Every structure is written in structure tokens, then in C-alpha cells.
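Here is a short briefing to read alongside the model. Please take a look at the sequence and the fold before going through the points.

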Amino acid sequence: MSVPLFNLAPNLTVSRLCLGTMTFGEQNSLPQSLRLLDQAFDAGINFFDSAEMYPVPQRAETQGKSEEYFGQWVRKRKISRDRVVIATKVAGPSGQMSWIRDGPKCLDAKNITEAVDGSLKRLQMDHIDLYQIHWPDRFVYSSYPLSISPGDSLGLWTCHFKTKSRHFKVLHSCVSSYVPMFGETEYDPVRQFSSVPIEEQLDALGRAVDAGKIRYIGLSNETPYGVMKFLHFAENNVHYPKIISVQVNSYSLLCRTFDSGMAECCHHERIYVLGYSPLAMGILSGKYFASDGAPSDARLNLFKGVPWYCRKIWSSSCITCNRLCFESSSGGKYCVWGDQIMAA
């Protein structure tokens, strides 16, 4: 049975299932990635999502491989360009991924333009169907003293937070933003500061559209406020492209934050939702409840989480409707909340 199709935008017909490539180049080798792409394509999936920073956990040595693998697959299989829809993303500011345009430090026109050209080169394509801002420019660094080491996290980074009494090794984004994302749920106005104007970002994206480098634009890990601001500026300037989609900050039975303000926003503004991590990193498949604790190459076994007590540093961990806690067969304790997992 083939995956049904629908129109994401005029002249942009996509399958209702989209295959993400976040693990291609790290957890999945090139042969494994090509096989997964073959299986998805044969099942009727024509919609594929990547990002310039992929794969994760991200490292300088592997950055961009997810896009490269997808481009190689299209060429090796001699697939006509109009038979696939490729979405990818520009990395937002982090200050940590120094191998991506020195940070990146911000999402200004220069960074967006360079990111578009870089993705096209890695994909070896002449255009991108859907180009998304991976996370907002509106951020500040965490107030915690920290050191950073990539390589053993599931998300953006593993951060080492130091307090007077304990040293916490935390699986979380190392740039704590006042825009709640990557599992955070609380807006912090104290951290507000000036960022790159949305108009500048839309102008750069519009120029890429005019140049034929991208067809449509979208957002990712945004808030209702951010979505409405992007729409507002596009409505008042004919040169700015309108967003057609938003990748929500994880959407599964364990994470339903989309269902409040963002759901109303997208419904009334006719913005399509691309929900990622629908199985909560595999937790909802049940494989981690098996007697053997799931295959050794499963994501949560390859990349370990953080101690059970570390959930205390996140105030949102008290939101029980968005959290699942359990014990593995080996006696280890886990807490899954949002798209974060913490393991003893």
C-alpha cells in the first residue's frame, strides 16, 4: 500500500510521511542510509528532510554528511529530480558549532546565503524544495558556567553544568534560549535581547527564491509569536516569501505542546505541520522495554543519556502530562519528557 500524497504548496506534492535523515552519517553508514532511502522510496515516500548541521550528535568531521548521502542516493539511483522533494535547514545561532560559519553567530543575510549555497553543493542539486530555519535567531547563552563536549549526546550537545554542590552532565542544548525549544516549555523574558530582524531573514530567503535556489520556506522549533511575525512581515511586503510549514518541537504521545497555542495558529493561518520524533526517539516502539533492552545499535544505547537526578535542573520536568518515567529491565531509571531523555 503506497503512502498517500497531498499538496504542501502549489506544484509541491509530497507524501504524508517524510523520512528524516538526521542519523545518516553517524548512527547510519552510507550503505545503511542508501538502503533506508530505497525502502522509503519504494513504499511511496517522496519527501525527505535534512539539515546542514546533520548528523547528530554533531561533529566537525561528520557535518553535512546527511545532505551528502541523500545527494549520492539520488545520483546513484538515477532518480529524476522531480520525483523527490527535499527539505533542509539553516542552523540557527549556537556559538558552539565553530565549524559552521564560526558558530554560527547569527542568522543574518550573509549566513543564510552561505548556508543555502553550502547545502546545494552537498546535495549536488540546483534547488531546494523547502528551506527551513532550524531554530530562531532569538537566543542567549546559558547563565550556568559550562564546558562542552560533543560525541555522546542524543541532542545538540552534552553540557557540563557546575553548581556549588554538584557537577551535572546534561543532555541538552548548550545555548539556553528565551525562546522555549528543544524540550523547554517556559518563556524567560529576562533573557530577551536584540536579534537579527526577521525582515532581514525574509529578504535573504526571498532573494534565494528569486534566484531559483529554493522554492518555498518554512520554520522549525518556532513559537506562535515567531510564526505570526514571519507571516505579518510577508503580508506587508510582496518581496518576502510566506512560510508554508513549521516543524514543531517534537510531536508524539509524550510531547503534545503543539496542541495548545501553536495548533490554533497553524489552523487559522493554514500552515502545515511537520511533526518530528513521532515515536519519541523509539521509546514508543516498545523496543527499550524488551528483555534485552533493545538492539545494541539502537539510538539510546549508542548515545547514552544523563543521570536521573539531572532532571531537577529543568523546572519543566514537573509537568507530568509531558513526561514518562520507567525502569528498564536492567534496573536503570529513565525519564522521557518532551524530546529529552535522561537515563541513570
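Seven strands make up an open sheet with parallel pairing, in the order β3-β4-β5-β6-β10-β11-β12; strands (E, at least two residues) and helices (H or I, at least four) are DSSP runs numbered from the N terminus, and two strands pair if DSSP finds at least two bridges between them. This is a predicted model, in which local features need pLDDT of at least 70 and side-chain atom pairs count only at pLDDT 80 or more, while totals for chains, interfaces and linings use all residues. Residues are numbered from 1 along each chain as its sequence is written, and side-chain values use heavy atoms, leaving out hydrogens and water.

- β10 (residues 214-220) and β11 pair in the parallel sense over four bridges, and Gly 218 has Ser 245 in β11 as its bridge partner.
- Helix α4 packs on the sheet, where it touches β6 (128-133) and β10, contact meaning heavy atoms within 4.5 Å; the direction of α4 makes about 150° with that of β10.

**The α4 and α5 pair**
- The axes of α4 (residues 198-210) and α5 (residues 224-235) come within 10 Å and cross at roughly 65°.
- Ile 198, Glu 199, Gln 201 and Leu 202 in α4 meet Lys 229, Phe 230, Phe 233 and Ala 234 in α5.

**Helix α6**
- Which residues of α6 (residues 261-269) are buried? They are Met 262, Cys 265 and Cys 266, where buried means under 20% relative accessible area and exposed over 50%, with partly exposed in between (1.4 Å probe, protein chains only).
- These residues lie on the same side of α6 because they cover an arc of only 90° around the axis, the arc being that of the directions from the helix axis to the C-beta atoms.
- Their cover includes α5, β11 (243-248) and β12 (272-275).
- Glu 264, His 267 and His 268 are exposed on the face turned away from the buried side of α6.
- Arg 270 follows α6 and has a positive phi, near 55°.

**The β1-β2 hairpin**
- β1 (residues 5-9) and β2 (residues 12-15) pair in the antiparallel sense over four bridges, with Leu 5 opposite Ser 15 in β2.
- Two residues lie between the strands of this hairpin, and Asn 11 in the turn has a positive phi of about 60°.

How values were computed. Axes are lines fitted to C-alpha atoms, for helices over the stretch in contact, and angles run from 0 to 180 degrees between N-to-C directions.
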